[in-house]
Amino acid sequence: MKSHKSASSSPKRTAAIAAPVAFLLALVLVLLYDLSFSDRHYYLRIYGASSSASSPVSASSPACDLTRGEWVPDDAEVPYYTNLTCPFVDDHQNCMKFGKPSLEFLRWRWRPDGCELPRFDAARFLDAMRGKSMAFVGDSLARNHFKSLLCLLSKAAQPVEVGAEPEIDVTGRAVRRDYYFGSHDFTATLFWSPFLVKANLSNATLGMWDVHLDTADARWAAHVADFDHVVLSGTNWFFRPSVYHEGGRAVACNGGVSCGAGNLTTELPVPRALRAAFRTALGAVATNEGFHGKAVVRTVTPTHFENGEWNTGGDCVRTRPYRRGDRAVSAAEYRRAQVEAMRETEAAATRNGTELLLMDITEAMELRPDGHPSRYGHPPGGTVEGSFVVDCLHWCLPGPIDLWNELLFHMLLPQH
């Protein structure tokens, strides 16, 4: 983030000087704010991390930014789990079961610039979570992330699903699912809330939604105080035809059919709607007097459809990661909206004793076109959802998505 002609021009000269000086001061303040925010939130550090896996690790080693790096070949390590060892892999992400032609996507690991990222330690994670609870809130990618965590933890302990028969929402998904690790008294909960805010399907034929940007979805927000940690995510549902509401009335639309059906002329770009929704969701966490834990925002992940979109013949058939610089970050404006929402909520969170953290995985996942199911998340001739045949949005399990929980491990556990 000049000459003068006479003494009589002094007031004008003063004003002319003052304006750019004020602008520069404001710019400096913005830059300092940006730097402060990045230091605290998306400069995800690990201390005592060696630049070489074989070098000794010392507590005085410099911090390393875990979100900046590249994917490197890794033939030494085996996957954390497989579809045979983990019972929680959904068919739509079960690339092994449905015969993804190349499993090379499993032979890469994320290497941050200047250090090595330690592998996920299921036993240590569970020990740190003993007596605690964690909620994941979002869309099907939140479920993808959640299932990855269950699979990673199942190496050390098996959870059981608990709770009453889940409520099923209008999309056919369970609103809430709870898994309990009895050996550690730890509960992991998944909330289906693709907009994070209150939303209802207003026109099933058009697939159009009423989205209340200033009201958090009570299906999860009413339970925030029950959890020690909350992970929020979501972006993709904001591309669906929507009418946006604030203060109980329709104020904008996101273009096309939604504007016509809602008799609205004001269009709100998706990044601005996303920012408003995340600001509301984070506000519901930050101002909840019963929540004093860590609220993690996972940034947007890109799709990798090539030669068309999901409904026009697009696919993702690459078998290797991109190298850094091969492809521009396609989701930058949506990631920026999430970061801005965190900035706008930071003061309230600080007052309430809530810690906001950004899991910035956008750049890392931009480099992994090879890690999606493509046509291998269902039997031949099947579909993912409706006519959704090729999946270049979700991630194979196991796969690159396990990185998200490696990062979560270091965000939630005490530094050592």
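**Notebook: salt bridges**

I opened with Arg-318, which at 37% relative accessibility counts as partly exposed. A reminder to myself: this is a predicted model.

Next I looked up the partner of Arg-318: its side chain meets that of Glu-306 in a salt bridge, 2.7 Å from N to O. Both residues sit in the loop between strand E14 (294-298) and helix H7 (332-352), so the pair ties together parts that are 12 residues apart in sequence. Glu-306 is also partly exposed, with a relative accessible area of 25%.

Then I asked how many salt bridges a search of the whole structure finds. The search gives 22. I picked out a few to follow up.

Are the two partners buried or exposed? Lys-147 counts as buried, because its relative accessibility of 5% falls under the 20% cut-off. Asp-90, at 21%, counts as partly exposed.

I moved on to the strands. Arg-177 forms a salt bridge with Glu-161, and their closest N and O atoms are 2.8 Å apart. Arg-177 lies in strand E7 (residues 176-181) and Glu-161 in strand E6 (residues 160-162), so the pair joins parts 16 residues apart in sequence. Arg-177 is partly exposed at 28% relative accessible area, and Glu-161 is partly exposed at 41%.

Last entry: I found Arg-275, Arg-279, Glu-340 and Glu-344 linked in a network of salt bridges.

Methods
Residues numbered from 1 in each chain as written. Predicted model: local features only at pLDDT ≥ 70, side-chain atom pairs only at ≥ 80, totals over all residues. Heavy atoms only, no water. Salt bridge = Lys/Arg side-chain N within 4 Å of Asp/Glu carboxyl O. Buried < 20%, exposed > 50% of the residue type's maximum accessible area, 1.4 Å probe, protein only. Helix = DSSP H or I, 4+ residues; strand = E, 2+ residues; numbered from the N terminus.
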